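User: I would like to learn how to read strands and pockets in a model like this one. Could you walk me through it?

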Amino acid sequence: MMVADTQAVVEPARGRLGELYRRHAPDAARLAYLLTGNRALAEDLVQDAFVRMIGRFQDLRSPDSFQWYLRRTVVNLVNSHFRHAKVERTYEEREAGASGPTPGVDVDAREDMWHRLLELPERQRVVIVLRFYEDLTEAQIAELTEMPLGTVKSLMSRGLGRLRGQLIDEG
Amino acid sequence: VIDVDTDLKELLSEKAEEMRLSPEIPPRVLGRARRHRFLNAAAAGGVVVGIALIGLVWVRAALEPSAHVAHPSPISSSPAPSDLAWPGIFPFDNRADAEAVQKAASEGHQPGLVDARVVVERFARERLGWATVYRQETLFDQKGLDGPLVIHISTCDATGGAACEDPDPQSAVVTVARLLEPAPFGIWEVTEVEGPSSFSPPAPQPLPSDPLSTFVGLTVDGRLVVVDSTNGTIYRVLVADALDVDPSSLARSFDGREVYFTRAADCPARIFRVPAEGGTPKEFASGLFPRPSPDGRLLAYVSASPDCGGSPELVVRDLATGQESRWKPRGLADQGICNPVWLPDGRTIAYEACGLQGDVYVLDTVGQPGLALDQGKRLGPGKEGWFLLGYDAADGGLVVRTRCVNEARPVCPNLTVGAFVIDPQSGSVIRQLSGFLDDAENEVLELHFDATGDHVLFLGFLDAVYRRDGTADPVKILAGLQAATW
């Protein structure tokens, strides 16, 4: 039973790695960009996420889960990226001059709000982006991020409160 | 009134549109695809071939314009770490100096170095000691403004247009390329010289005698390199065309002198051996997963993979006599054998069934000569499957990583994710490995303990290799690697 299920997933992927990448990587890159504010980093993260997906084809019991799992992997990688800032910093210092992640410098009409969003604590930004960009419910966000529903609600509330407060203060 | 909800939706939609991604699969994705064990599983055999073929076709197509030259494509928007092994000879023999001058050149301060003729003539005068330099063709006869360009030079005018005043006429063939930036601001670098007896390239830096001070890595752009394990400096490029090397098959002898690797593009895969000091790789056997024994006397490998239609036998070769012992797969023939790991006694081998169940077995190669591989002592899995990663001498156990095999959910949300040390006799968990980057996301793809068990090399976030000594925090050594081993 298990083998049959797995083959059902593996079979459509046969020779179609490129198609999977073209179909899913752009969406994942957009999500990664919104979570990091950095295009180059977003591209790297999506590539890394895709590598992990390739390694888990056999773990996927349903082809439909590919997009969901890719999204989840991107979110986890973004979290990892910021969590390991200390290690990265040491490396960057040693590499003095090597190009590292730098904040985006996009300038447009919503620049201020964009920067406010990027300045939010990581987990608050994640739940806000998943809610307002991916249109996930709080329950879906909880499942995706493996956080308790209460935590998601709390992060959402605090994040939005912070954005509202800052914008109103400035308004 | 500020409507944050509406503004957020619009903002995020607008910002998302700013992110554009090339539809082509990047080489690093293809390279990393090869590393995963499932590529060797019978159930995924087609995927192996598919990914490998796509990867090779894509990569070869990408490299086609410069496939006939001996050095990498000259222009790279994001230099790969392997470029730390700077291919330039003149005017700069290291990347740092070249980058500093390139920065100036980009601002218009080094006009001479953006002219290939000037660089070649300077090279001839300063490095070859020539008083007079003749070029025997125009640069524009050759393809591409970024190179590589092959330029013939001599101390006398080969056309006979000028009288030769050199009593000892010399000639040379010089290859130049813009290694950092394209035209018009990219500076030219001499990358190869043939001919003149007065020139010899700098001798390579000798490797440190302590094997722990270096490790062997496979870069995402396909080079097999020896790296300083403390600062990430690349000592050697052992193999420059390693795009088809299987990342899971990289191994090094315990004395650090020999490196084994497998070219997996062909069926059957081929095992090669190359000295860590450098040299010509020699084909060693057909098969996968070469693994030298702790005492250096034996080499274990898997004879074939089911993808190639062969029988995946476990082979142990005596390196002194060439004599081989073989164990047949029997019930494991369809899924194959992955990642054999020697135990310190030099006679017991653990191995993983590549298929979907995640079984790990151990076999006494001295005491169980006639056994089939599915008759070895089965250690796992329990409720979850295992990938076999290596051996931890400090704890005296095999290192495994859990894998999703039994859950009904698409992605095994209840999987106890992590790496563990297990008893090679009973399979019971000795301890869970912690303190690595992110066990929760299974980011540690490989763990390589040294012979003492005190030093760990692991591949983590964004193709980076980290080193962890004892219980200290991991230190990032070098990015851009798809495999690494002590």
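This is a predicted model: local features need pLDDT of at least 70, side-chain atom pairs count only at pLDDT 80 or more; totals for chains, interfaces and linings use all residues.

User: In what order do the strands of the open sheet of 4 strands in chain B stand?

Analyst: In general, strands of a sheet pair through backbone hydrogen bonds, either parallel or antiparallel. Here the order is E20-E21-E22-E23 in chain B, and the pairing is antiparallel. Strands E20 (385-392) and E23 (429-433) of chain B are at the edges with a single partner strand each, so one side of each has no neighbour in the sheet. On average, neighbouring strands of this sheet are turned by 30° against each other, direction ignored. Inside it, E21 (397-403) and E22 (419-422) of chain B are joined by 4 bridges, and B:Val400 has B:Phe420 as its bridge partner in E22(B).

User: Why is strand E5 of chain B largely enclosed?

Analyst: For E5 (214-219) of chain B, 6 of the 6 residues are buried, so the rest of the structure largely encloses this strand. B:Thr214, B:Val216 and B:Leu218 point one way, while B:Phe215, B:Gly217 and B:Thr219 point the other way. E5(B) pairs antiparallel with E6(B) over 5 bridges and with E28(B) over 4 bridges.

User: What volume does the second largest pocket have, and which residues are closest to its centre?

Analyst: Rolling a probe the size of a water molecule over the atoms shows where empty space is left. The second largest pocket has a volume of about 770 Å³. It is lined by 35 residues, and B:Arg252, B:Phe254, B:His448, B:Phe449 and B:Thr485 are the closest to its centre. The lining comprises 22 nonpolar, 7 polar and 6 charged residues.

Technical notes. Residues are numbered from 1 along each chain as its sequence is written. Chains are lettered from A and ligands numbered from 1 in the order in which they are written. Side-chain values use heavy atoms; hydrogens and water are left out. Two strands pair if DSSP finds at least two bridges between them. Helices (H or I, at least four residues) and strands (E, at least two) are DSSP runs, numbered from the N terminus. Axes are lines fitted to C-alpha atoms, for helices over the stretch in contact, and angles run from 0 to 180 degrees between N-to-C directions. On a 1 Å grid over the protein atoms alone, a cavity is a set of points where a 1.4 Å probe fits but cannot get out, and a pocket is an open set with protein on both sides within 12 Å along at least five of seven lines; lining residues have an atom within 4 Å of a point. Grid points are joined across faces, edges and corners, and a volume is the space filled by probe spheres set on the points. Ala, Val, Leu, Ile, Met, Phe, Trp, Tyr, Cys and Pro count as nonpolar, Asp, Glu, Lys and Arg as charged, and the others, Gly among them, as polar. Buried means under 20% relative accessible area, exposed over 50%, partly exposed in between (1.4 Å probe, protein chains only).
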